[in-house]
Amino acid sequence: MSKRDHRPGVTRRAFAIGTGALAVSSVASPLPLRAQAGPIRVGLIHPVTGFVAYNGQQSRLGATMAIEDVNKAGGIKSMGGARLEAVLGDSQSKVEVGVSEVEKMNEAGVAAYIGCFQSPVGIAATQAAAKYNTPFLIDVGASDLLVSRGLKNIFRLKPGFGKCVDDGIAALGALNKAAGGAAKSAVLVHESGEFGTGTAKLLAGKLPSIGIEAKELIAHDNPTRNFDNIALRIRSMAPDIVMMSNYGNEYMLLARTLFQQKINVAGMFSVLGGGFNYKFVKEMPDVAQFMMDTNHWFNPRSAAAQALKKRVEAGGALFTFEVYLSYSNVMLLADALERAGSADKEKLTAALASSTFKAELLPYGPTKFTNGQNEGGRPGVMQVLKGDIEVIAPAEFASAQAVFPRPKFT
Amino acid sequence: MSRTALLACGGGLIAAALYPLLFGGSNYAVNLGFLVLFAAFLGQSWNIAGGFAGQMSFGHAVFFGTGAYASTILHVSHGWNPWLAWPVAIAAGAAVGAGIGTLSFRAGLRGSYFALVTLAFAEAFRILANSVPFTRGGLGMLIKSDPHPANLQFRDPIWFYYLALVLCVLSLALAWWLTRSRFGARLAAIRENEDAARALGINTFREKVRVLALSGALCAAGGTLYAQKYLYIDPSIAFGVDKSIEMLLVSMIGGAGTIFGPLIGAGVLHFVSEVTRELGGALPAIKNAQPLALIVYGVILVIIVGYLPDGSMGLFRRRRALPQGQGHA
């Protein structure tokens, strides 16, 4: 006989507990921060925890370093040297938490938001910020949905995946042509979310224009901890190129699996490959060798970028794209504040919309926002060569010649 | 229901209705209140099947996602008004619940086998949503922002709060009805001993399918509300395992099979989440606040499983069951 022989009943005490629950939850709610005069508050919303925590922490690092630099240089001079102050938020990789951070930061009196790394979080968070007409700078977030909804408060300095795909395809076409058309087919492996699927579909549609057939699109979940089956599938199809669009851990794991299984291809070429960075090259130099990626990258010929790289590395961190993109977005905001002479949301939005900011860390043209998207933003095409990451396109920023096709496994 | 209980209920309802005003119209507080009520509502949908009927599920996201996608597809792709799409989404949730119940219970699945099958269904639906064109696959579905009550979109988040409050109160009333009705008594009999219930003449298959359909309908209603609030869904958001876990957790922590358990559980979980997140924001040295939250969740769960198998509500039941005086020893 079970001990639970009672029926769930409603007693006075049970009701008192239940009705008290709402009061408990209201007490549980931490009081919203109050707006303060003085410093200009900047809301930083990144996934510093969760499955992309590393990327979020890197974004936070870049943004906070930039805020520190702006303040050291005297703050916003047109506002009497007003200092920037970071209000830190963690989206936890969840849409609803991202929105909650927007609401909390609005009550903390932020002048602008910077975030959010993941496109779904960014889509919802920018929507929430639009209610308050607060400018929202997308530091990382690939989806073109972010800037195609007619919201006036969104600004994305970096290129979206449409532009990255176009430039990546052009670079791959040029490489293939120079190699006498060594590649005729490709298999695309992508994460199953909005970023990976969108990028892979665009790529598959454009590959025929450079004489490469997309044999198959293979989606995988986040997280995926074993790529053996996908590697076997790739081996069976024997493509000339494997193209990847996925987040960091899956990118590295897939690359390692293909390397371990000695799958011979002319090239591994990713667009917005989340794991293509110094961490990957440092931890898996053999695997990374000859891999190529179209991605956000710093201008290797920029003294400011090289100086920041040294500072970041001196602090024990890696100079990944999140760092310099977030850093550049804070600088873009500081420039707009300087020109607006005010943290008033309308004036700041207008200053951002008319910005011609020179992103000196990045290989970009002059900033020009059209519907919130910077037309001057463009990606770099990189290749791992001799244990380092070299820019191979665009030509004016290139630091090395590409190796394509890559040497075969013996 | 006694007069005192009715008064307590009315008082709680008034307190909940006044809650947004207590914080001077703070949208953050309103949003947090929404999250608690919404989690409580989803938890109650799980509780009706998992707590009252003992049909533990690990995959309630399948109903949540069905509701979210059904209304969004009808609204975005076929131009339906979301208010009209909402009941259809609820019906879709009920149909999926009845379908899964029929397939699983016909095969005689019980306990952990049934729980694992529900998890498998949720995963299958997620993969399906990733693959078929009418859901736009992994690209997800964006609902055009057009804040107007007629579009089930509100400029002021207070209305979403009140909508969640209405749903939460309805689910509490439904749970209360289950403790008083013949249907609820049959479910309790199935939960305690299914073979004995069958021996008593209860059509256990029919009752279990019914309760899963009811639970699925409620959960689907939550899916539509989520989609209309955040205006974007994708397969991971809609059918992700974290949604299933949250529904299960709030019920287990608050007290499965109790009326107010999910509400208490939702309050506790969001309190833990907010405090750990605040710590993460206030103390940059604590860079990884989520593991901290997970550790706290884990400790709470261990305590509840070890010492309070009936959840937080069980604590009060035990105190009530003690002879006079022993409770204060």
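Two strands are taken to pair if DSSP finds at least two bridges between them, and helices (H or I, at least four residues) and strands (E, at least two) are themselves DSSP runs, numbered from the N terminus. This is a predicted model, in which local features need pLDDT of at least 70 and side-chain atom pairs count only at pLDDT 80 or more, while totals for chains, interfaces and linings use all residues. Residues are numbered from 1 along each chain as its sequence is written, and chains are lettered from A and ligands numbered from 1 in the order in which they are written.

In chain A, seven strands make up an open sheet of mixed pairing, in the order β7-β6-β8-β9-β10-β13-β14. The edges are held by β7 (213–220) and β14 (388–393) of chain A, each of which has a single partner strand, so one side of each is left without a neighbour in the sheet. From one strand to the next the twist averages 25 degrees, where angles run from 0 to 180 degrees between N-to-C directions and axes are lines fitted to C-alpha atoms, for helices over the stretch in contact.

Helix α7 (residues 228–237) of chain A packs on this sheet, touching β6 (185–191), β7 and β8 (241–245) of chain A, and its direction makes about 170 degrees with that of β7(A); here two residues are in contact if their C-beta atoms, placed from the backbone, lie within 7 Å.

Strands of a sheet pair through backbone hydrogen bonds, either parallel or antiparallel. On one side, β6(A) runs parallel to β7(A), to which seven bridges join it; within this pairing, Val189(A) stands opposite Ile218(A), and Leu188(A) has Leu217(A) as its bridge partner. The chain passes from β6(A) to β7(A) through helix α6 (residues 194–206) of chain A, in a β-α-β crossover that is right-handed, meaning that, with the strands pointing away from the viewer, the path from the first strand over the helix to the second runs clockwise. Strand β6(A) also pairs with β8(A), again in the parallel sense, over five bridges, and there Ala186(A) has Ile241(A) as its bridge partner. Six of the seven residues of β6(A) are buried, a residue being called buried if 20 or more other C-beta atoms lie within 10 Å of its own, exposed if 12 or fewer, and partly exposed in between, with C-beta atoms placed from the backbone.

Further along the sheet, strand β9 (residues 267–271) of chain A and strand β10 (residues 292–295) of chain A run parallel and are joined by three bridges, with Val271(A) opposite Thr294(A).

Several backbone details of chain A also deserve attention. The peptide bond from Gly115(A) to Cys116(A) is cis, with omega near 0 degrees, and Cys116(A) is found in the loop between β3 (112–115) and α4 (119–130) of chain A. Phe117(A), which lies in the loop between β3 and α4 of chain A, has a positive phi of about 75 degrees although it is not a glycine, and Phe117(A) counts as buried because 29 C-beta neighbours lie inside 10 Å. Lys386(A), in the loop between β13 (380–385) and β14 of chain A, has a positive phi of about 50 degrees, although it is not a glycine; Lys386(A) is exposed, with 9 other C-beta atoms within 10 Å. In the segment after β14 of chain A comes Pro394(A), and the peptide bond that leads from Ala393(A) to Pro394(A) is cis, with omega near 0 degrees.

The axes of helix α3 (residues 61–78) of chain B and helix α4 (residues 82–106) of chain B come within 8 Å and cross at roughly 145 degrees. The residues that meet include Phe63(B) and Leu74(B) in α3(B), and Trp86(B) and Val96(B) in α4(B). By class, the contact of α3(B) with α4(B) has 12 nonpolar, six polar and no charged residues, where Ala, Val, Leu, Ile, Met, Phe, Trp, Tyr, Cys and Pro count as nonpolar, Asp, Glu, Lys and Arg as charged, and the others, Gly among them, as polar.

Ala217(B), in helix α9 (residues 204–230) of chain B, is buried, with 25 other C-beta atoms within 10 Å. Leaving aside residues up to four places away in sequence, Ala217(B) touches Ile90(B), Gly93(B), Ala94(B) and Gly97(B).
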